[in-house]
Amino acid sequence: QVQLVESGGGLVQAGGSLRLSCAASGRIFSSNAMGWFRQAPGKERVFVATISWNRGNTYYADWVKGRFTISRDNAKNTVYLQMNSLKPDDTAVYYCAGRPGPQVVETRAYDYWGQGTQVTVSS
């Protein structure tokens with residue numbers, strides 16, 4: 001099926017930037033929607049952003065406020081999350097996810113998940 005592997009997390013100071021990558025392997029369909037979610041300690045996993053594989057349509061959580069950008073490179077089977085102006089509240093494990101249908105924001109609707117990559121923002 002589909003396997004997703006995240007990378008690019010790390011430690012960054014407040015106001016800094018990170019670029020996360022999600023490499024996909026297996027059968028990738030043009031109708032797939034890809035998304036980024038995050039989970040802080042003691043909190044639920046929440047939606048961050050999603051992109052359609054074929055047209056590149058994007059949708060973001062309200063709190064992103066232009067700081068994050070999701071993109072994809074179809075030739076490389078890779079999805080990215082560019083994060084700028086990072087805040088300590090952005091500290092979380094970030095997960096890449098995919099589903100074969102339309103873009104949605106619900107965690108339970110996604111079929112494929114990566115192992116997560118840790119993002120830590122210091123003050």
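Biologist: Which residues form the aromatic cluster here?
Modeller: In this predicted model, one aromatic cluster is formed by Phe 37, Phe 47, Tyr 59, Tyr 95, Tyr 110 and Trp 113.

Biologist: Nice. And how many aromatic pairs do you count?
Modeller: The count comes to 7 aromatic pairs. One of them is Tyr 95 with Trp 113, an edge-to-face pair with 6.4 Å centre to centre and 75 degrees between the planes.

Biologist: Where do those two sit in the chain?
Modeller: Tyr 95 is in strand β9, residues 92-99, while Trp 113 is in strand β10, residues 112-113. They are 18 residues apart, and the pair links distant parts of the chain.

Biologist: What about Tyr 110 and Trp 113, why is that pair called edge-to-face?
Modeller: Their planes are at 65 degrees, and edge-to-face needs over 60. The ring centres of Tyr 110 and Trp 113 are 6.4 Å apart, within the 6.5 Å cut-off for a pair.

Biologist: Switching to the surface: is Tyr 110 buried or exposed?
Modeller: Tyr 110 is buried, with 4% relative accessibility. Tyr 95 is buried too, at 13% relative accessible area.

Biologist: And Trp 113, what does its relative accessible area come to?
Modeller: Trp 113 has 26%, so this residue counts as partly exposed; buried would need under 20%.

Biologist: Last one, about charges. Which ring does Arg 45 lie over at 3.7 Å from the centre?
Modeller: That is Tyr 95, with Arg 45 over the face of the ring. The charged end of Arg 45 also sits over the ring of Trp 113, 5.0 Å from its centre.

Note on methods: Residues are numbered from 1 along each chain as its sequence is written. This is a predicted model: local features need pLDDT of at least 70, side-chain atom pairs count only at pLDDT 80 or more; totals for chains, interfaces and linings use all residues. Side-chain values use heavy atoms; hydrogens and water are left out. Rings of Phe, Tyr and Trp (its six-membered ring) pair if their centres lie within 6.5 Å; planes under 30 degrees apart count as stacked, over 60 as edge-to-face and the rest as tilted. Helices (H or I, at least four residues) and strands (E, at least two) are DSSP runs, numbered from the N terminus. Buried means under 20% relative accessible area, exposed over 50%, partly exposed in between (1.4 Å probe, protein chains only). A charge sits over a ring if NZ of Lys or CZ of Arg is within 6 Å of the ring centre and within 35 degrees of the ring normal.
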